[in-house]
Amino acid sequence: MMSTNDQKRPFRAAITGVGHFVPEYRLTNSELEKTVDTTDEWIRTRTGIVERRILKNGATSDLASGAINDLLKKKNMSASEIDLIVVATITPDMFFPSTACVVQEKIGAKNAWGFDLSAACSGFIFSLVTAAQFVENGSYKKVIVVGADKMSAITDYTDRANCILFGDAGAAVLLEPTESDEYGILDHIVRCDGAGGSTLNILGGGSLNPATHETVDRKMHYLYQDGKAVFKVAVVGMADVSYEIMKRNNLTGRDVDWLVPHQANKRIIDATANRMELDSSKVMLNIDRYGNTTAATIPLCLSEYYQNGKLKKGQTLVLSAFGAGYTWGAILVKWAI
């Protein structure tokens with residue numbers, strides 16, 4: 001697989017801005033104890049989650065727009081400067097128009113074009129790799145990548161195994177070109193395996209199973225997950241790809257300042273850090289406060305840690321995720337701001 005190091009490009013794509021938006025309402029483990037057969041201790045022990053945010057009124061485009069507006073405010077930048085908007089999501093406002101078009105109109109990015117990209121929990125990884133190509137080849141100078149999902153819209157809150165996992169959020173990064181070899185997206189590995197489709201999916205609502213009374217009655221429009229099956233492959237896949245991107249760039253755990261993992265399960269995150277021989281102090285975590293926000297988890301970590309002064313210019317990051325598809329991947333980043 002060709003990396004960005006394998007060929008000379010006019011520019012390197014660097015993350016030069018971050019922003020995020022989370023709803024106010026907190027759905028705690030204690031509240032879930034009242035509706036399904038679970039306990040706070042059980043959820044904390046197996047997932048690391050304490051609470052998650054839920055968007056009561058609004059759609060994924062509101063989460064994405066909120067995140068981008070936060071980024072623009074922090075950068076003192078106008079939406080009219082944006083060239084391209086890539087929205088990573090599996091909960092689009094509707095089939096069409098794309099959520100990117102809805103977001104473009106909401107934030108007033110009159111000079112931007114955009115599109116949605118669907119790769120579930122790997123959505124931000126796939127979108128960042130895709131968006132970087134437009135910057136690296138010199139096509140565009142200001143590209144927004146936003147991960148946003150209203151997971152509460154596709155979660156069955158009578159399903160005790162899955163309703164504890166997910167929350168709603170949006171988070172965004174700005175990509176800009178740099179001629180420096182010291183900063184930016186240095187390398188990436190992205191993979192998929194469609195054989196995993198039967199263990200994590202939403203079967204209803206598409207062209208295979210259009211919406212009917214039967215699909216609604218059978219709860220086919222909610223997320224389905226075989227948790228044990230997904231855990232077995234995710235815990236290996238995410239750890240392996242993170243280790244692989246380190247090794248092929250001649251890095252060890254000592255060279256990595258931060259692992260920025262998809263926030264699906266604390267045990268998967270721990271296994272990835274162990275494979276990389278990373279101390280837990282080098283792992284970005286916010287799963288306890290937000291749960292799994294799917295495409296938003298990685299940029300949400302980046303935005304929060306940067307805002308809190310923990311993420312500093314020149315640090316080496318490994319971004320890593322595993323999701324439905326199956327999809328998985330890792331990105332090596334040298335932080336530029």
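Biologist: Which residues touch the most other members in the largest nonpolar core?
Modeller: In this predicted model, L259 and V318 do, within a core of 41 residues.

Biologist: Which elements give two or more residues to this core?
Modeller: They are β8 (184-192), α7 (227-247), α8 (266-275), β12 (316-323) and β13 (327-334). The largest share, seven residues, comes from α7.

Biologist: And what is L259 in contact with, leaving aside its neighbours within four places in sequence?
Modeller: Its contacts include I269, T272, A273, M276 and L278. V318 is also among them. Apart from this core lies another one of 34 residues, including V18, V129, I298 and W335.

Biologist: Changing topic, is strand β4 enclosed or open?
Modeller: β4 (residues 84-88) is largely enclosed by the rest of the structure, because five of its five residues are buried.

Biologist: Which residues are on each side of β4?
Modeller: L84, V86 and A88 are on one side, and I85 and V87 on the other; both faces are covered. In a regular strand, side chains alternate between the two faces of the sheet.

Biologist: Which strands are joined to β4?
Modeller: β4 pairs with β5 (residues 113-117) in the parallel sense over five bridges, and I85 has G114 as its bridge partner there. Five bridges also join β4 to β6 (residues 143-150), again parallel, with L84 opposite V143.

Biologist: What do β4, helix α4 and β5 make?
Modeller: A right-handed β-α-β unit, with α4 covering residues 99-107.

Biologist: Last one: is E176 buried or exposed?
Modeller: E176, in strand β7 (residues 168-178), counts as buried because its relative accessible area is 15%, under the 20% cut-off. Its side chain makes a polar contact of 2.6 Å with that of T16.

Technical notes. Residues are numbered from 1 along each chain as its sequence is written. This is a predicted model: local features need pLDDT of at least 70, side-chain atom pairs count only at pLDDT 80 or more; totals for chains, interfaces and linings use all residues. Side-chain values use heavy atoms; hydrogens and water are left out. A nonpolar core is a set of buried Ala, Val, Leu, Ile, Met, Phe, Trp, Tyr and Cys residues joined through side-chain atoms within 4.5 Å. Buried means under 20% relative accessible area, exposed over 50%, partly exposed in between (1.4 Å probe, protein chains only). Helices (H or I, at least four residues) and strands (E, at least two) are DSSP runs, numbered from the N terminus. Contact means heavy atoms within 4.5 Å. A polar contact is a pair of N or O atoms within 3.5 Å; within protein, one must be able to donate a hydrogen and the other to accept it, and residues adjacent in sequence count only if both atoms are side-chain atoms. Two strands pair if DSSP finds at least two bridges between them. A crossover is right-handed if, with the strands pointing away from the viewer, the path from the first strand over the helix to the second runs clockwise.
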